[in-house]
Amino acid sequence: MMNKYTKMQQELYDFEASKWSPENRDAVVGSFDEHNAWPDYDIYLFKNVETAGKIALDFGCGPGRNIVKFAPVFARIDGVDISSQNLDSTRLWCEKNNVPFFPNLYKNNGVDLGHIASNQYDVIYSTICLQHICVHEIRFSLLKDMYRVLKSGGHVCLQMGYGNTHPH
């Protein structure tokens, strides 16, 4: 069930995502190719996490940038996003890049992952997404639901930006 805040988020991301195309990759994400080239993703995001043969969920997948980027190291990566426009772009980006699996894509309500069954994923990751969810109760609800859909012994790998004034 969407609230005033999540409805605003969905409308904003649907609008931004409507500008995305394989030729205009900077819509939604901004600096799409620069993010892909950033070595910290490869060094830290799955550090000490076994990914081979595992099923992952990309929370806030946007247009599928990281599904394509990390497809070679997982058996399958599914995506969840608040924007159906982003999910359409994810399908297109995965097809254009010959991703070797067809991801399950879920549109969420911005508050929980209620439409995803429990104990489904070995790894849940999220990059440059959670810092955009400023309401603590909503972010906490989403994190609790990530734990619910995570298999026992699974891993949650999160990356958040702190803006250009943070020293790291």
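1. Buried means under 20% relative accessible area, exposed means over 50%, and partly exposed lies in between. By that cut-off Asp145, at 12% relative accessibility, counts as buried. The model discussed in this note is a predicted one.

2. Overall make-up. The protein chain has six helices and five strands. Along the sequence, these elements follow the pattern α-α-α-β-α-β-α-β-β-α-β. The radius of gyration is 15 Å, close to the 15 Å that the globule rule gives for 168 residues, so the chain is as compact as a globular protein of that length. The C-alpha trace spans about 40 × 40 × 35 Å along its principal axes.

3. Of the 168 residues in the protein chain, 46% are buried. The accessible surface comes to about 8900 Å², and carbon and sulfur atoms account for 53% of that surface. Among contacts in the chain with a separation of 6 or more, 74% are between residues 24 or more positions apart.

4. The largest core. In soluble globular proteins, nonpolar side chains tend to be buried together. Here the largest nonpolar core has 26 residues. Phe46, Ile67, Phe70, Ile77 and Tyr125 are the residues with the most contacts inside this core. Four elements each supply at least two of its residues: the helices α3 (39–45), α4 (65–70) and α5 (84–96), and the strand β4 (121–127). Another core, of 17 residues, lies apart from the largest one; Tyr5, Tyr121, Ile133 and Ile138 are among its members.

5. Ile67 as an example. Which residues are in contact with Ile67, leaving aside its neighbours within four places in sequence? The list is Asp58, Cys61, Ile77, Asp78, Gly79, Thr90, Cys94, Phe101, Leu105 and Tyr125.

6. Thr90. This residue sits in helix α5. Is Thr90 buried or exposed? Its relative accessibility is 0%, so Thr90 counts as buried. Not counting residues up to four places away in sequence, Thr90 touches Cys61, Gly62, Pro63, Gly64, Ile67 and Leu105. Asn66 is 24 residues from Thr90 in sequence, and their C-alpha atoms are 9.7 Å apart in space.

7. Salt bridges in helices. A search of the whole structure finds eight salt bridges. One of them joins the side chains of Lys7 and Glu11, at 2.4 Å from N to O. Lys7 and Glu11 are separated by about one helical turn because they are four residues apart in helix α1 (residues 4–17). Lys7 is partly exposed, at 46% relative accessibility, and Glu11 is partly exposed as well, at 45%. In helix α6, Arg148 and Asp145 are three residues apart, so about one helical turn separates this pair. The side chains of Arg148 and Asp145 meet in a salt bridge of 2.7 Å, N to O. Arg148 has a relative accessible area of 25% and is therefore partly exposed, whereas Asp145 is buried at 12%.

8. A further salt bridge. The side chains of Glu16 and Lys19 also meet, at 3.4 Å from N to O. Glu16 has a relative accessible area of 24%, so it counts as partly exposed. Lys19 is partly exposed too, at 38% relative accessibility.

9. Ser18. Where is Ser18 found? The residue lies in the loop between α1 and α2 (32–37). At 44% relative accessibility, Ser18 counts as partly exposed. Ser18 and Ile116 are 98 residues apart in sequence, and the distance between their C-alpha atoms is 25 Å.

10. A nonpolar patch. Leu143, Val156 and Leu158 form a nonpolar patch on the surface. Together these residues have about 220 Å² of accessible area. Leu143 belongs to helix α6 (residues 136–149). Its relative accessibility is 32%, so Leu143 counts as partly exposed.

Technical notes: Residues are numbered from 1 along each chain as its sequence is written. This is a predicted model: local features need pLDDT of at least 70, side-chain atom pairs count only at pLDDT 80 or more; totals for chains, interfaces and linings use all residues. Side-chain values use heavy atoms; hydrogens and water are left out. A nonpolar core is a set of buried Ala, Val, Leu, Ile, Met, Phe, Trp, Tyr and Cys residues joined through side-chain atoms within 4.5 Å. Buried means under 20% relative accessible area, exposed over 50%, partly exposed in between (1.4 Å probe, protein chains only). Contact means heavy atoms within 4.5 Å. Patches are made of residues with over 30% relative accessible area and no salt bridge: like charges are joined within 9 Å, nonpolar side chains (Val, Leu, Ile, Met, Phe, Trp, Tyr) within 5 Å. Accessible areas come from the Shrake-Rupley method with a 1.4 Å probe; for residues, only the protein chains shown count as cover. A salt bridge is a side-chain nitrogen of Lys or Arg within 4 Å of a carboxyl oxygen of Asp or Glu. The radius of gyration is taken over C-alpha atoms; the globule rule is 2.2 Å times the number of residues to the power 0.38.
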